[in-house]
Every structure is written in structure tokens, then in C-alpha cells.
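Please look over the sequence and the model below before reading on.

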Protein chains: 2
Amino acid sequence: MNKGGFSQLWLDYKKRTDNGGSVYVSKVFLSGFLQDHRIVKHALEELKSGVQTMLGVEIKVEQDMSQATLVLKRGSEKEGGVRREGYRLWETGGVLTLAAADERGLLYGVFALLRLIAMERPFQGLDLLSNPESPLRMYDHWDNMDGSIERGYSGRSFFFQDDKVLVNERTRDYARFVSSIGINGVVINNVNVKQAATWLITDRYFQEVRQLSGIFADYGIRLFLSLNFAAPLELGGPQSADPLDPKVRDWWREKMEEVFSKVPDLGGFLVKADSEGRPGPFTYGRTQADGANMLADIVKPYGGLIIWRCFVYNCTQDWRDRQTDRARAGYDSFIGQDGDYHENVILQIKNGPMDFQIREPVSPLLGGLQKTNQMLEVQVAQEYTGQQIDVCYLVPLFKEVLDFHTYCREKCDTVSDIVSGRTFGNVNTGMAAVCNTGDDANWTGNDLAAANFYGFGRLAFCHSLTADEIAEEWVRLSISNEEEVVEKIKKILLGSRGTYEKYTCPLGIGWMVTPETHYGCSVDGYEYSRWGTYHRADHKGLGVDRSRLGTGYAGQYREPNASLYDNMETCPEELLLFFHHVPYTYRLKSGKTLIQHIYDTHFEGVREVEEMIGLWESLKGKVPDPVYDGVRERFDRQLHNAKEWRDQVNAYFYRKSGIEDEQGRKIY
Amino acid sequence: MNKGGFSQLWLDYKKRTDNGGSVYVSKVFLSGFLQDHRIVKHALEELKSGVQTMLGVEIKVEQDMSQATLVLKRGSEKEGGVRREGYRLWETGGVLTLAAADERGLLYGVFALLRLIAMERPFQGLDLLSNPESPLRMYDHWDNMDGSIERGYSGRSFFFQDDKVLVNERTRDYARFVSSIGINGVVINNVNVKQAATWLITDRYFQEVRQLSGIFADYGIRLFLSLNFAAPLELGGPQSADPLDPKVRDWWREKMEEVFSKVPDLGGFLVKADSEGRPGPFTYGRTQADGANMLADIVKPYGGLIIWRCFVYNCTQDWRDRQTDRARAGYDSFIGQDGDYHENVILQIKNGPMDFQIREPVSPLLGGLQKTNQMLEVQVAQEYTGQQIDVCYLVPLFKEVLDFHTYCREKCDTVSDIVSGRTFGNVNTGMAAVCNTGDDANWTGNDLAAANFYGFGRLAFCHSLTADEIAEEWVRLSISNEEEVVEKIKKILLGSRGTYEKYTCPLGIGWMVTPETHYGCSVDGYEYSRWGTYHRADHKGLGVDRSRLGTGYAGQYREPNASLYDNMETCPEELLLFFHHVPYTYRLKSGKTLIQHIYDTHFEGVREVEEMIGLWESLKGKVPDPVYDGVRERFDRQLHNAKEWRDQVNAYFYRKSGIEDEQGRKIY
């Protein structure tokens, strides 16, 4: 079911079987909310259109509560247990009640109700309380103003084209999609702010940005912009960006007054400073805190936030240098200033210390910092995880990160606890993801990649949802409620990350990808480069020694993690090569040698892709043809990719080690 | 000495010491040539301006031969031994005589005379006979119409910009430069003919192409165009390019009638067909000869030539496949049709079977073909040989190719014999080089790279010139006659190819370069790719077995070459890894193992670069500052590049073999 030629994804309100839902949704009473509040208005519109299409029921807004079968009312922690942006939905005596703490909560509750209808779930005896766990739930878009998308695999940008801001039908649908899964903040432009994008904070673009932020505000979403730290120089201000220079502060103060007066709904700014060639406070001998606080103080009167990325490392490393360790850089750069950051600054920390690999340890900054607002950054865009050609459902990875015990406190020490604010009692925390959308008709290139687009939002809202539950919701909402379809697609999704890991880089070592594009195998592609991303394979073994005897990275963790990682015997095996240089003949807990494990997993990975394809092919005719065909075609490419990885990795290590495969399979 | 901001290269007629030259050149008498013939006119102009600037002498054209001190006259094989395009210059009794067979010969003779003056050589007793050895001496430019240059390292194109043909002061200077070294044909556009370039044979561009060909004609140069074999389809002709389709032939006939009427000086066309994605006769199940002959027959009435490239191979090879051998492809594709090509078709054959590597065997097509016109193609543009950052004087490489015995006849069997027409008595033969120029002020990026630009032309004219002689001419003409300068720069140039070879890929194996850019080391960069360019290194050894037991490539040569290459013990060592897979512990004739040879040459290569830099630094103040500085800066980059190659190659093979360096040097 497309609208204007593009998919409606999980809001594809086609006809559903009525499990009694229509009884409840026909007569609505609104209490404690103003019907013409922009969010309420759009929540009701969504409810009406969804119910109309799915159940064929026309909603009537009642003036008398006693007539109502669906009561939408304001609740509170005491009344219903709802907190900020939360909702509760329950049925008693033939009446469905949706209580929400605020308008956003109401909107999220309406979408929850529509989900239940779409999944054909009954309402009798329902009692669903849902308060968002991450205060901030954000999508970051790496869209450039020329319309290209950095690490985009789904077409061009729908926010920008030819240095213009686009506002059209897709804008509103995008807002509907992401608000329906609980997203409350969106960064529309690439963190690498260059050329025209620097001018987004000038009157060249205010009108369109304001329009965009207005549409977002209709759905409870605050629009954020990525900021160029060198904007004063580039926009004709003082010839400096020194955060301690009064002229620079004055320029920013004036600029922000202008920006917030022109775009009052703006949420704030995302900044990538001193990273991969981007300007920042280091240029002027200032700290990251100096830079972030300067901006934060200025935007504070407007309720603005400064989200400061921690992706700082030396990207001109010498591969010969075994002391410098890129994995250490984030922690080393930021830990010293814990407590220096002002209350409306948030440090945005990538889930791992490297860069969104298929397997990394959790960043030691998370929970390493104790007096600083922290936001977890993950990547839904599949840069290193198959580029929306290969299926790779990432919710299991995100959940591993959330469940990780940092030992920063005796209890309440997981990443989930930290980014929900439970650990340190802060409110400016949350989760952000680099989004995977583009202007492809299906938004995400591979239809199955929409499960990640959907899943991140749902997980950020509710950390306790399982990967299985989220996958099930997504399939039922987007594709079909037919049990066979649900089970088979779930099986594909839930196994996909493990499969991808098997046929690519083993045991946490990462990389081994084609430079620049980051798709496809190149074992030595980054081995002699400046990027700090090495596997250090020789004829005896591979892996990076990050123990005390190596780079010392393991020591950045709190105990007992530090010791656990430091020791080859206790290090979790899936991260073995991240932390240790290991002989090919080392015996894993499975009893296999390392080299045999590499061979075996690579053969298994390809076999698993073939099995996934078999599962998918059995669904022909049971999923819409365009979805079937699009995914099927991508599976061909995935299989080709998996075979290349298998053969190249196996050939590489066979040629290097000279050790035969125990099973005598073909290695080139 | 720049003109319009750009260098005059070896025609930089600055003041010279007069070794008696002025006595001869002041009174000129012209016999048997028309003073207003376009070539004669420009030859006289060049003579006047050169003599004026170098010696301060004003030339007077005498009407009475008895008054003359310089007689320019028409000669012949019988009178003076001059043949087509040749000249003889001799002094007797105070009179200098320049006899030439034709106008081109006259022009070349004038440039020879000017060279002698510029090199401050005396004229007494001089007797210099020079007949060109290659009938065709061509520069191929890979310039695109948007102004970019494929594999260009000296700025943008000076022939094209923004899909327009440029005709300006540089055009004429370029024509002067190349005619002064004997070039008589120039292809102005890239062999990969796409977009606007397809339209060069339409009235969109006739006017400018005609202007350009007119300027070229002033200097005896015929302009050639690269042709898109699919032009009929793209220019609105029949929807086919099948060479045997009468509609296609008719279209081409009409097209060529138009082209040659609009651009009468046109020499013909260069065609890259069925190669790297280019269309060609194979698309229609026709032979290469079908395609070439069809065009050749049509252009024959206009004296046109069809130059057909033999660079045909499978560029989507599977790296796992050890049977397919790209090196075999040229021979396998063309040998079967020897004799089928019409008289005005020339097959243009790259010097080696791969693609302009620093060391390759000579293509077995050269001399393999016996009944086909052959043109040797070399690459002056330093695609794989340092990209005009690293110094790499290529004349020694070209000479090795020319001197190679193909054993296609008992005598007169070298490549030089073949491309001069001596072997098979044909006239449509010669040498072509991919040119290394661009719109940089010094034309070639690195000032020292102009030695290749100069050297190719001189060598194509006279195969017996040594690399040393050509280098000496170039230094004296372009930089200085000071002995120290001449000797030191010659030393740099003459050692440079060996040095480059030492620090890059060993013993003929080739590649190991960064994919796409082709600059910098990446040992495995092409090892798992589709390009057919592998080194097959494992923990025991490296190299490609192209013997009878391998791909059989060695068998494409005539005996005794075939047997020589086939046997590891008799194979020339510089090509050992091209023909054989060799254990690291194999002893070379030096007594060193293969692996130790690799280590040693890579350390030596870097040391030699340091020595070159030392030599260059000792010339500060003795060569013009812009030249000194430009070359010095490039030497920094070359040294960095050489160190990367050294350390990456050594690390790669050390890690793979586990064999220690005997000298215990640092390997990473």
C-alpha cells in the first residue's frame, strides 16, 4: 500500500481482522487535553484514519464521557503511573482508557492502540503501561545539502536537494513514522557540516527550517541541526572560533538569538568537533568542555541542548606504531573533564570504541563518565553491517550494549540505566541512532532494513522489549499477520546479525573491509593505513594486544571488566581478537583452534545465507511482490558478498598460516 | 623562461655561448622548398626566433646561394642518404647544409640545428644523418572533454574544457614541442570515448577540430581522434554498431565523408573496442578484424588510418580461477587473425602483456603477428611508475622493449625492427605513447618528468640513441649546460627506474598498488579482485606460474624465449615472479634467498631515493628556483612513498613467511 509512490511502512493501515477493536474505538471522549493542540490534533487524525482504514469504523468524538468507549485523558504518576511522555492503555467494563502524562504521551498511546489493532490483538483485559526509558530518543541523519547522504544506502536525501531544504509529503510521513515509534528529536543534517549546510543557521534557510520544525512539532519531535564549529569564520563573523574569545561568544550569542527567534521549535545542536578534519576547540588550545559549554550557555535561555560527539581520535596514525590505540582515544580525550560539562551539554558516545563494527566491546566512556550527561549513539544505517544489501537486524546488538554492566555503581549500572538517567538522576540523556532512510520508495533500500528503522525507536522507548518482540511487531505491522510469514521473517531477522558476523571479520577484530566504501571484504584494506584499524595478522596469529602488556586499553574499564578483558582465558570469546593477539593454534572453548574456528564460521556463514534465502523463497506469494522481489534480489548480492568474504578471509589466513582446514574444504 | 606563464621546456631559447654557430646561421638559402609551404614557413620562423634569442643573430634569407652560409635544400636517398622525413646536416668549407627529403624532414633538421646551438656544440666537421626509424611516432592523450585527464598527473587538459575544444597559445607551443622531437601524429582525446567526445565527429565540434588540426599541420603533425565504436547508436544512426550490417557501414561511410570534408588534415582514428566495458565487434559476434577493416575501408579514400588497440582481456575475472591468465588475453584474442587486417589498419600493442607495470616481459604479440601492421604502445604518463611525483625516467624501459629479440625471423627480429617496418617491409608501423602532459605551468607536473615527454619522441625517431644521450640532451636543452648539473641530473634520471623498481613490486610480479588510484603500496590491493592481477603469495612463496605447468603463457613466445621463460633456472631473474611461483627460500644467482632479496632491495630503494635527494640538493642555486623547489617538494613525497612501500612490502612478506631479515633491520 503506497502513498504518492512510496511505502507507508509500519503505518500501512490496510484492512485488518477485527478482534473486537471496533467496539471500543468508535466513540471517543477527550479529557484534560485540548483538541486543537497541534499534537493532540494530529494524534486524533492518525487515530481516525487508522481506524477507518483498518476496521472501517468512523470515529465520533463524544461530548459526554458516559457515551464514550474510548477515553483519552490526562494521567500522572499517581493516576495511572504515567510519567513524562508515557501512556497507559487499559480496558475495563467495555471501555478503553488511554491516559497520558502529556501530549506526546497521548500521541504515543494512540500509536500503541493502532499497533494493537494492526496486529489484530484483542482488547479485553488489556493493561499496558509504557513510560519511555530514554528521555531523548533521536535519529541523526547524515544528509548533505546537495542531496547526497553520507553512508546512505536508500537513495538520496528527502530533506535536501541541490542546496535547498525540501518540505513535502514525505516530510510529514517521516514525522509520523518516527513519532509512532517514540522518536522525539531529529538531526536533519550531516555531522560533517560543510558548504551550504553551514548556512542553515542563516536567513538563507530559516523559512524552510521553520516549516520543517513545525511539521516535526506536530508530532512531538524537536528538530536539531548539526553545527559547524567554525561557523563564525565562515559566516563573516570574527576570524576565529576560539570558544574563550569574547568576540566569538558575542557572535554566537547574537546568532543564536536570531536562530531561535526564527525557528522557535528548534531543539538544539549536534556538534562533531576536532574529529576527522572537522574544526573544534583543540585548534585554539581549548578543551572540548570549553567549546561545548560556551555554546550551551548561549542556547540555554531558549531551552536548547548541545549534543557533543565523543568521536575524537587520531586519524593520521602510523600503522607501524603499536603504542597508539584508536580504541583508547575517546576515553582518553573525555574522561579528564568529567563534571566540567554544563547541564544542557550531552556527550554522545558511540556504542563501541571504534566505529560501528559488527562486534565491539562497549565503550568504556559509558559509565566511565559519572558526572556528565551521556547519550548512546548507535548506527541503524548499515555502514559496516551490510549496507542494506545484506540483511542484518541490529536490535540484538543494541540490546547487548544496553544490557552491559559498566560497574559504575553497585546496582543500576547498565548502559540502559545510564542513558535512561536512572543511574545518575539526570534528564538530558538518551539514545541516538544514525538513520538508514533515503528517498527510495521503500525508505530503506532493503525492505527488511526497515526493521532496524522501526526497532531502534521502539527499543529506545522501551529497553526491556526483546529483539524477538520488536521483530514480531515490525513484521505484523509492515508485512503480514500470517503466522508462517511472521515466524519465517523473524527467523531471518533474528539470525541475521550472527550470520553476518560469521562470514565477515572474526571474534571482534573488525574492519577487513574495502577502504572508503566499507562494503565487501579486503582483509588488508586498512592494515597499512592511517586510520588506526589493524588486525596485526602474521604467520603465527592475529589480533590486537590491548591488555596491560599491549596498549592497555582493557584497563579503561572498571573492574571486574578490566581484568576479564585483560586475560585471554577470561575474555569473552566473541571479543577475543579485539583484546588479544592470539596464535592460530590457540584452542577456543569449543575445542577448536582459532584458525579452524575462522574456517568453520566462514563456511557456516555462507550456508546460513543460503538457508535464509530458502526461507525467503518459501514466502513467495505470501508477501507483497515488490517486497519479495526487492529482498530476493538483495539476497543474491548478499550471497555473493558472503562467498567473497568466506573465500577471501579463508584464503588470506590459509596462505598466511599454512594450516590446512581439518575438513579439507576448498580454500583458495 | 616562461611564456604566458608556462614553461617552454626544451625550446627555452635563452642566451647561449656561441661556439661558432652564428657564423653559419646568419645567411640562409632555401633550395627546392617553397618558402610559403606551411611547414617550411614555421620551420623558418622557429629557426629565426631560436637563433635570434640564443645567439643574438638576425637571419637573412639570401636570394643567391653563393652568399649563403646555411643552405636548406631538398635531398634524397641518393643525394645525402635522406629518406622520408629524414634530414642530414653537415658542414663543409664554412657552409652548413641541411638536406631533407621533405618538409617534415626540413623541420626536424631545423630543430636538430637549434638543439646543437642550444647544447653549445661546435659545427666544424659536423655530419649528422638522421632518418626516422618509426614511420609513425605518436602521442596519445587520454584527455576527456570535461577537462579531466584519465591518468593525468599534470593538471587539467589543454585540449578540452567543459565540453569545449580549446585552441590557444598552448596549442601551438605543444605542437612545436612535439614536432621538435619528431612526433608526427597526435590523438587528442581519451581512448575511452564517452559523452561529449562521441560528438567530436559531428558539426558540434568540426570548426575547432579543424583549427586544431591546422595548427598541428603547420608542424607536420596529423591529428587523430579516438572513436566510439558505438557512435552509430549514440549519434542517431542505425540502432546497431554491427560492422557487417550494411546500414551501419552506410552510416559510417556518410559520416566519414562528412568528417574528412570538414577536417581534411585528419590522420584517422584510434579505437579501443571490446575492452574494459567499451563496445566493439564482439557484441555482434564479429571479429576484431571485421570491425577494424570496416572502418579502414571507409577511411582509405581519405588516406586515413585505423589504429586498433589490442588491450582486450576479461576484466571480470574470478580471483579464485588460476587457469584464466590476463597475460594470455592479448595474444589469444588477436593471433588467430594475423593477415586478416587490411593495409591501413594498425594493431597498437602495449609493450607488455599486462598494463604498463614497472617491469613486464615484452608482449608476445609483437613479432607473434607476422602479417599485420604493428605499433608499439608505451606509457609516458606515469600511471604505475610514480605518477610524476616519483622520478622515473622511462627511456631505459622503452629501450629494453625495442631491443628485445622476438625470434620472428632469423635476423632483423627485434621490436625495433618490427615497428620500424624493417622486418616485414610495411610502412604503417611505429610507436605511440600515452602522453604525460597537462595544463600545469611546467606541462608535466614534475619538471623531471619532461625528460620522458622529450625522450619518447627522440627515441621513436632514433632507436639507437641511448638513454644516457637522450637524458643529456634533455638536461642541456631544458635546464643547464653546466657539467655538474648535467652529470648529476643524468645520474638521477638514469638510476631512477631501477630505484623505483627496487622499492615497489619485486621481480616482475607487478601491481601491489592501491586500487583505482594506482599510486602507493597495497600488496593485496588487487589480490582478490576481478582484474586478473594477482601475486599468489602464501606462507611458502609468491609469484604466478605461467610455465607449461601453470597458465602456459610462456608458450606464447617463439623459441628460444618460450623455453627460457618456462624454466625457473633460465628465466631472467628480473621477471622471475612474473613467470614462476617461487619459494621464499629459493636462491637467486646473487646467492641471496628470494625473501632476502625482497628485504634488501626495499631497503636499498629507499636509500637510493635519499641519495637522489642529496644529489638534487647539491644543485640548489644551479637550476632555476621554481624547478628546484618543485622537484624538491616532490622528492619529499617520493621518499614518503618509498618508505611506505618498503615497510609495507617487507612487513607483508615477513608476516607471511615468518623469515627474519638476515641483517636484523626493522621490519614491522
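**From a strand pair to the chains**

In chain A, strand 13, made of residues 222-227, pairs with strand 14, made of residues 268-271, in the parallel sense, and four bridges join the two. This is a predicted model, and the description that follows should be read with that in mind. One of the places where the pairing can be followed residue by residue is A:Leu227, whose bridge partner in strand 14 of chain A is A:Val271.

What do the strands close into, and in which order? Eight strands of chain A, taken in the order 9-12-13-14-15-16-17-18, close into a barrel with parallel pairing. Within this sheet, neighbouring strands are turned against each other by 25 degrees on average, when direction is ignored.

Stepping back to the chain as a whole, the secondary structure of chain A comes to 18 helices and 20 strands. The radius of gyration of chain A is 25 Å, close to the 26 Å that the globule rule gives for 668 residues, and chain A is therefore as compact as a globular protein of that length. Along its principal axes, the C-alpha trace of chain A spans about 80 × 65 × 50 Å, while buried residues account for 56% of the 668 residues in the chain. Of the contacts in chain A between residues at least 6 apart in sequence, 70% join residues that are at least 24 apart.

Helix 4 of chain B (residues 169-180) and helix 5 of chain B (residues 206-218) pack at an angle of about 35 degrees, their axes lying 9 Å apart, and the crossing of helix 4 past helix 5 in chain B is right-handed. Here B:Thr171, B:Arg172 and B:Ala175 from helix 4 of chain B meet B:Leu212, B:Ile215, B:Phe216 and B:Asp218 from helix 5 of chain B. The residues of this helix contact divide into four nonpolar, one polar and two charged.

Finally, the two chains meet in a contact that takes 16 residues from chain A and 15 residues from chain B. On the side of chain B that touches chain A, the residues divide into seven charged, four polar and four nonpolar.

Terms used
Residues are numbered from 1 along each chain as its sequence is written. Chains are lettered from A and ligands numbered from 1 in the order in which they are written. This is a predicted model: local features need pLDDT of at least 70, side-chain atom pairs count only at pLDDT 80 or more; totals for chains, interfaces and linings use all residues. Two residues are in contact if their C-beta atoms, placed from the backbone, lie within 7 Å. Ala, Val, Leu, Ile, Met, Phe, Trp, Tyr, Cys and Pro count as nonpolar, Asp, Glu, Lys and Arg as charged, and the others, Gly among them, as polar. Two strands pair if DSSP finds at least two bridges between them. Axes are lines fitted to C-alpha atoms, for helices over the stretch in contact, and angles run from 0 to 180 degrees between N-to-C directions. The radius of gyration is taken over C-alpha atoms; the globule rule is 2.2 Å times the number of residues to the power 0.38. A residue is buried if 20 or more other C-beta atoms lie within 10 Å of its own, exposed if 12 or fewer, and partly exposed in between; C-beta atoms are placed from the backbone. A crossing is left-handed if the near helix is turned anticlockwise from the far one by less than a right angle, and right-handed if clockwise.
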